[in-house]
Amino acid sequence: MTTNELMKSRLKYNRPSLRARARPPKNRTPLGEAFSAANLGRSLKLQYCIDCNRFQYPSQEVCQACLKDNLVWREAVGTGHIISQTALFHSLWEFFKRRTSQKPWPVATVALDQGPIVFTHLDVEAFDDGKILHVSERTQVKVFSHYDCSMRSILITTTKETDTQTRETRQQIVARMGLSKPAFRDGGI
Amino acid sequence: MKNYDGVALLSPVSFGYSRQSARSAAWFIGRTFQSVIDNAGVKKEDVDGFAVTSFSLGSDSVVTLTQQFQITPRWIEQFPFGGASGIIALRRAARAIQCGDAEIIACIGGDAAAHRSFEHQASIFSGFTIDASFPYGAGGPNTAFSLITQNYMEKYGTTREDFARISLDQRYNANHYSPALLGHKTLSLNEYMKARQIAGPLHLFDCVMPCAGGEGFLVMSEDRARHLKQPYCVIRSAQELHNAHPTDEIQLRGGWTEFAEALYDTAEVGPDEIDLVQTYDDYPVISMLQLEDLGFCKKGDARVFVQETDMRFDGSGTLSKKLPHNTNGGQLSAGQAGAAAGYLGLNETLRQLTDKAVNNSVPRAKVGLISGFGMINYDRGLCSGAAILARPKI
């Protein structure tokens with residue numbers, strides 16, 4: 001490696017803002033990786049305790065209720081209601097910094113009908129043609145999972161009516177939200 | 001629960017606040033420790049209890065620091081519990097003093113703020129954070145608090161003008177407290193309202209500024225403090241509760257609701273007899289939750305309370321009701337020195353009640369309440385604590 005290449009690779013590591021391609025956070029715990037793997041090609045799978053008949057999220061080592069570890073990944077329905085929603089104008093991460101410089105990044109917390117409270121990206125364009133950012137509280141919604149361009153499963157909230165049955169329909173939503181491609185910088189490293 | 005009789009808190013030090021620093025946490029902790037013992041006239045060798053609070057110690061801990069500082073304590077503790085660290089530290093240390101496990105305990109909080117260190121800290125804060133909140137926009141605590149604030153505003157009709165009351169009065173207080181990082185600037189309602197939007201309803205002056213700094217104090221018996229001829233405070237009562245109300249869909253209250261009554265009963269005072277209050281103010285909405293849960297007003301009425309109450313340290317505002325609140329500007333104006341910020345309100349109360357406040361002293365203050373709140377693990381803060389301190393009876 002020439003000195004020039006070495007300096008460039010160091011700069012790329014130390015200054016995310018100079019990268020040609022910025023991606024969403026990739027880091028997960030082993031449990032987070034297991035969540036990603038379980039959700040590949042599925043619309044939504046969550047940890048489920050077969051003793052307590054209970055879903056839980058975020059993924060954990062033991063059941064929150066009985067503290068045993070008879071946990072499986074089980075298909076969840078994904079329906080629920082919005083608890084609160086907001087839009088980020090500022091982020092600590094380069095990918096979202098570039099996205100929020102274009103338009104605010106919508107997120108929401110949703111109480112799933114099957115129990116867990118999930119923190120999700122919000123497919124705001126599915127609501128009111130994306131013109132109104134505000135999705136009123138307690139709106140009935142649907143949550144599904146898909147992978148982003150860091151190849152990690154993430155959760156997305158959309159309308160109850162949106163079709164999320166197939167991998168293709170989910171992919172379309174993720175692409176529309178700007179999660180399927182890195183955020184580019186012209187002339188970056 | 002046994003009370004905290006016979007325990008003295010003294011020698012509050014706030015050290016080295018800066019927006020960014022190449023120094024590590026050990027420097028802030030070590031230098032704060034030195035100031036704390038110097039101010040009290042205590043020798044390093046006499047300190048036999050050492051408690052440390054920090055998020056940025058990395059591979060080091062309180063015990064590796066004992067070798068760095070060459071002390072030989074027989075009691076050590078570490079409280080990396082964010083905004084509740086101060087109250088947890090004073091509770092643990094007070095018990096150790098009462099039980100004779102140590103005679104002089106130094107409780108020191110210190111955190112570094114190197115370039116991009118806050119981003120790193122936010123990205124690895126906890127397992128839940130790594131897997132389930134940071135990947136969603138990476139806003140750090142701003143995201144969780146914007147959701148809480150949005151929900152609170154819709155539920156109780158609170159407006160940005162109400163939140164501004166807290167930020168504006170605190171900035172006035174910071175203007176009279178020299179270590180405050182934003183204390184050299186004034187803040188008007190117009191500036192507050194027009195500030196840059198950060199996340200949903202949160203704008204620039206609703207968010208704390210992460211910084212580096214150290215906070216520390218000493219805990220010992222009242223006899224020892226009198227022997228040292230140092231002014232000190234006593235603990236009238238102190239409480240904590242963690243992961244309170246776990247089934248609430250979103251945070252509109254904290255553990256204070258469960259122990260506020262016992263807190264006041266033990267201290268034999270009511271909310272109306274409190275001379276000054278320090279709430280944990282990483283965002284104004286959190287101060288409002290604390291004022292409500294600790295009985296200064298009813299749930300949801302904080303918007304009325306702040307519009308009726310002058311919260312300046314000297315009562316120089318125009319409103320008729322007075323309650324000095326976050327009398328050194330709180331974190332919103334002083335800066336949030338990582339986990340050391342959990343000591344900020346406690347140290348400010350100690351300064352006020354030992355007549356060490358310089359330009360921001362609250363006239364005739366005798367009893368102070370401190371509230372702590374910490375650790376946004378996923379969607380809510382987990383630790384709540386509160387303490388009532390007073391001047392000793394002579």
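User: Two residues are in contact if their C-beta atoms, placed from the backbone, lie within 7 Å. On that basis, how many residues does the contact take from chain B and from chain A?
Analyst: The model is a predicted one. In it, chain B contributes 31 residues to the contact and chain A contributes 32.

User: Which elements give two or more residues to chain B's side?
Analyst: They are helix H4, helix H5 (127-133), helix H6 (141-156) and strand S5 (197-199) of chain B. H6(B) supplies the largest share of that side, with seven residues.

User: And what classes of residue are on the side of chain B that touches chain A?
Analyst: That side has 13 nonpolar, 13 polar and five charged residues.

User: Let us look at chain B as a whole. How many helices and strands does it have?
Analyst: Chain B has 14 helices and 13 strands. Its C-alpha trace spans about 55 × 45 × 40 Å along the principal axes.

User: Why would one call that compact?
Analyst: For 394 residues, a compact globule would have a radius of gyration near 21 Å, and the 19 Å of chain B agrees with this. Taking contacts in chain B between residues at least 6 apart in sequence, 78% join residues at least 24 apart.

User: What domains does the assignment give for chain B?
Analyst: Domain 1 is given as 7-116 + 212-227, and domain 2 as 132-207 + 232-390. Their C-alpha centres lie 23 Å apart. The contact between them takes 34 residues from domain 1 of chain B and 38 residues from domain 2 of chain B.

User: Which elements of domain 1 give two or more residues to that contact?
Analyst: On the side of domain 1 of chain B that touches domain 2, these are strand S1 (7-18), helix H3 (85-99), strand S4 (104-111), strand S7 (212-221) and helix H9 (222-227) of chain B. By class, this side has 17 nonpolar, twelve polar and five charged residues.

User: How do strands S2 and S3 of chain B run, parallel or antiparallel?
Analyst: Strand S2 (residues 49-53) and strand S3 (residues 75-78) of chain B run parallel and are joined by four bridges. One of the pairings puts Gly49(B) with Trp75(B) in S3(B). Between S2(B) and S3(B), the chain passes through helix H2 (residues 62-68) of chain B, and this β-α-β crossover is right-handed.

User: How far is Phe118(B) from Glu348(B)?
Analyst: The two are 230 residues apart in sequence and 25 Å apart in space, C-alpha to C-alpha. Glu348(B) is one of the buried residues in H14(B).

User: Why is helix H14 of chain B described as largely enclosed?
Analyst: Ten of the ten residues of helix H14 (residues 344-353) of chain B are buried, so the rest of the structure largely encloses this helix. Just after H14(B), Asp355(B) takes a positive phi of about 55°.

User: Now chain A, please. What does its secondary structure come to?
Analyst: Chain A has four helices and ten strands, in the sequence pattern α-β-α-β-β-β-β-α-β-β-β-β-α-β. Its C-alpha atoms fill a box of roughly 60 × 40 × 30 Å along the principal axes. Of the 189 residues of chain A, 42% count as buried. Among contacts in chain A between residues at least 6 apart in sequence, 60% join residues at least 24 apart.

User: Why would strand S6 of chain A count as enclosed?
Analyst: Seven of the eight residues of strand S6 (residues 105-112) of chain A are buried, so this strand is largely enclosed by the rest of the structure.

User: What does S6(A) pair with?
Analyst: Strand S5 (residues 79-88) of chain A pairs with S6(A) in the antiparallel sense over eight bridges, with Ala87(A) opposite Pro106(A). S6(A) also runs antiparallel to strand S7 (residues 117-122) of chain A, joined by five bridges; there Thr109(A) stands opposite Phe119(A).

User: How many residues lie between S6(A) and S7(A)?
Analyst: Four residues lie between these strands, which form a hairpin, and Gly115(A) in the turn has a positive phi of about 125°.

Definitions and conventions. Residues numbered from 1 in each chain as written. Chains lettered and ligands numbered in written order. Predicted model: local features only at pLDDT ≥ 70, side-chain atom pairs only at ≥ 80, totals over all residues. Rg over C-alpha atoms; globule rule 2.2 N^0.38 Å. Domains from an automatic or database assignment. Nonpolar A, V, L, I, M, F, W, Y, C, P; charged D, E, K, R; others polar. Pairing = 2+ DSSP bridges. Right-handed = clockwise from strand over helix to strand, strands pointing away. Buried ≥ 20, exposed ≤ 12 C-beta atoms within 10 Å, placed from the backbone.
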